[in-house]
Amino acid sequence: MGIQFGSTGRAQRGFAVGIDLGTTNSLVAWLGEDGRPHVVDGAHGPLVPSVIAFDARGELRAVGVPADERVQLDPLHTIYSVKRLMGRSADEVAGELDLLPYVVHREEGSAAVRIEVGARRWTPPELSAFILRELKARASAALGQDVTQAVVTVPAYFNDAQRQATKDAGRLAGLDVLRIVNEPTAAALAYGLDRRPDGRIAVYDFGGGTFDISILHMHEGMCEVLATAGDTRLGGDDLDRAMVGAVFAQLQAAGIDLSGHPEALQRLRKAAIACKWALSAAQTATLRLELPEFGRPAVEIAWTRADFEALIGPIVARTLVPCRQALKDAGLRADQLDDVVLVGGSTRVPLVRAKVAELFGRAPHADIDPDLVVALGAAVQADILTSGRRDLLLLDVTPLSLGIETAGGGIAKLIHRNSAVPASQTEEFTTSVDLQTGVVVHVVQGERELAHDCRSLARLLLPIAPMPAGLPRVAVTFLIDANGILHVTARDLRTGKELALEVKPTYGLREDEMVRMLDDAFDHAEDDVARRLFADAAVDADNVVRATERAMQGPSAAQLDPDELDEIVGRVASVKAALATRQAEPVKAAVAALNHATFRLAEVEMARALDVAAHDQHVLGDLAQAIAPDPASVKPKHDRPHA
């Protein structure tokens, strides 16, 4: 789906891109002059791994593919799956922290979490901003001008805190987030389902870290979400962890304990993912794991698809529970749907597709790459918002109920789950204690009946005149905007005094933090560019040094003169010293000198590789000749009498 971009009239007029900020991978797309959405390609393809690598001091090293390559080398300073931490409290993520190699802290005096990397502690929105900046830079380079506007997608079941955290990340990345769009709705736009005259569609979205199901009604230029359900802690990561856990237990039983070996655990995670992919295409696969820490060759474990499906069966079954709930909320039976669409990389797993087909009674659509479909749909929505190219009304829903705490700890729900947004609701409340001088409006989100069982979003203290209980009248208004973000107003009807705020959940960034971060980004723009150049040069230097040191330990080094070997050793030391300067130019110069010094070593390595290949070919030729039948004994396929 990737294309090469030139400078077009439309690009010069200004535009917005669509961004899928994913748990595993992220990508950016735009709508071309041909009226079709296109993914922006990069050197490694359209997908940008949602991975950020730092050095031991907490300075940024790489984002995307180069960072992903460092997960196994430096797991303590390489951050992935940060989307699962967005807008969530320390208590909410406590059960998942043992599965992450990096350090996550509860922020002092707050429920928020911060990720410790060297001397720095980062919030999840700050880390996500690094990924968004990478996508912004990629789109700007491809389109030939600075990209400043975007539509960003989120799981349909993201709550208010998670949506606000996503907007914060966009702002930190220098993006004006025009709209937060639910991923299933974006997928429907990518399929062009909004253009059909009438239809009800289920969008089954099983991504890397989250699961959503949405039931949509498309009719007369309107995309209406009838119901949504899901789990923001259920995704492909859980399939990977199931396999990792099974292999970990097997190795432990064989006397190989990977506990305390974070690099080995990350190699196991990567090997499990590769095996999962292989089992999506074949009935058998081999999980191969190198274990140099244990002084033994690689371990190979055979897997069958049946073994894998038995392992992940309960996880896949968990996705079907929200599906049934969404159908019930929409007032529909499965046979009343016109289409079922698959979204997310985890839908490539054959068991997932089989269970979806079984539940909905039809083969699901997977015509568009499930990794790309959300970004493509976001690009369509971005174009609708900026160009007016076509008329489409998006009527999304709020995934969880919103209300305020009442006397005794109960909840008065103002906006109920699956209400269409934008939405507004006003309710009047009074006091329960004589001579109160203020009313606390405690805003909560969730389906439980008691406030302490739900998520606390904000508290407002509205001063009121002291009166007997029951006399004051306070009107509380909830307004959910098109992004699904809540605005609250509390008004004393007797005095006209009013308080209003856009709810900033305690798990996001405070406004003063946001301002400070934006000011820092502006003040240190030059330094940031220099650090980025150094980070790119450092990645290249690490690769060259590792390759050189590996070659120096092999048989090729024996063919070099002592002077040549000494020069190479010195050049390697020079590269390491240049890295300590944290300046790009000295590192590039040192790498160039090392490349020059290793020219003959590279020649010897190449010649040796060719000799090995030629020898292998010769052996295969001899083997083929040895097992070939005697030509005289071979009859032609179709016997014919001679003329």
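**Aromatic rings**

Guide: The structure holds eight aromatic pairs. Rings of Phe, Tyr and Trp (its six-membered ring) pair if their centres lie within 6.5 Å; planes under 30 degrees apart count as stacked, over 60 as edge-to-face and the rest as tilted.

Visitor: What are the rings of Phe54 and Phe130 doing?
Guide: Their planes stand at 75° and their centres are 5.8 Å apart, so this pair is edge-to-face. Phe54 belongs to strand β6 (residues 51–54) and Phe130 to helix α4 (residues 124–143), so the pair links distant parts of the chain, 76 residues apart. Helices (H or I, at least four residues) and strands (E, at least two) are DSSP runs, numbered from the N terminus.

Visitor: Are Phe54 and Phe130 buried or exposed?
Guide: Both Phe54 and Phe130 are buried. Buried means under 20% relative accessible area, exposed over 50%, partly exposed in between (1.4 Å probe, protein chains only).

Visitor: Which residues are linked into a cluster by ring pairs?
Guide: Phe54, Trp122 and Phe130 are.

Visitor: Where does the charged end of Arg120 sit?
Guide: It sits over the ring of Trp122, 4.0 Å from the ring centre. The rule is that NZ of Lys or CZ of Arg is within 6 Å of the ring centre and within 35 degrees of the ring normal. The charged end of Lys83 sits over the ring of Phe158, 5.9 Å from its centre.

Visitor: What is this model based on?
Guide: This is a predicted model, in which local features need pLDDT of at least 70, side-chain atom pairs count only at pLDDT 80 or more, and totals for chains, interfaces and linings use all residues. Residues are numbered from 1 along each chain as its sequence is written, and side-chain values use heavy atoms, with hydrogens and water left out.
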